[in-house]
Amino acid sequence: MEELQARAKLSYARISPRKVSVVLDLIRNQPVDKALGILQYTPKAASELLLKLVNSAAANAENNHNMDKANLYVAECFVTPGPTLKRIQPKDHGKAFRILKRTSHITVVLKENQA
């Protein structure tokens with residue numbers, strides 16, 4: 001029998017994947033309540049986005065898959081780069097400096113502990 005899993009995905013988030021992966025490493029394989037606590041008190045830009053995403057995945061698990069919220073844990077969480085917005089910053093002597101505004105696709109997968 002295939003193990004039930006609930007997932008939530010955030011596409012085209014305007015934050016660099018490198019910044020997100022630092023915070024994802026903190027919550028990987030943690031119980032959902034502990035992961036939410038970590039995200040709430042981590043002073044990183046990605047924490048706010050991930051807090052909403054984990055809450056969304058937990059709601060999906062509870063409402064769509066009838067999973068018990070107390071037994072959920074973060075089974076998988078990963079980030080992949082999205083399209084990069086390219087902008088130009090004018091520089092001295094008529095030069096142009098390229099600014100890369102990176103985007104991310106973030107996925108969180110929750111599973112239930114077999115306790």
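Me: Which residue takes a positive phi in the hairpin of β3 and β4?
Reply: H93, with phi near 60°. That hairpin has five residues between the strands. Keep in mind that this is a predicted model, where local features need pLDDT of at least 70, side-chain atom pairs count only at pLDDT 80 or more, and totals for chains, interfaces and linings use all residues. Residues are numbered from 1 along each chain as its sequence is written, and side-chain values use heavy atoms, with hydrogens and water left out.

Me: OK, in what sense do β3 and β4 pair?
Reply: Antiparallel: β3 (residues 85-90) and β4 (residues 96-101) pair over six bridges. Pairing takes at least two DSSP bridges between two strands.

Me: And what stands opposite K86 in β4?
Reply: L100 does.

Me: Switching topic, how many helices and strands are there?
Reply: Three helices and five strands, in the order β-α-α-α-β-β-β-β along the sequence. Those are DSSP runs numbered from the N terminus (helices are H or I, at least four residues; strands are E, at least two).

Me: At what angle do α2 and α3 pack?
Reply: About 160°, with the axes of α2 (residues 32-40) and α3 (residues 45-64) 9 Å apart. So α2 is roughly antiparallel to α3 (the cut-off for that is over 145 degrees, on a scale from 0 to 180 degrees between N-to-C directions).

Me: Which residues of α2 make the contact?
Reply: V32, L36, L39 and Q40, against S47, L50, L51, V54, N55 and A58 of α3. Contact here means heavy atoms within 4.5 Å.

Me: Last one: what does the C-alpha trace span along its principal axes?
Reply: About 65 × 30 × 20 Å.

Notes: Angles under 35 degrees count as roughly parallel, over 145 as roughly antiparallel, 65 to 115 as roughly perpendicular and the rest as oblique.
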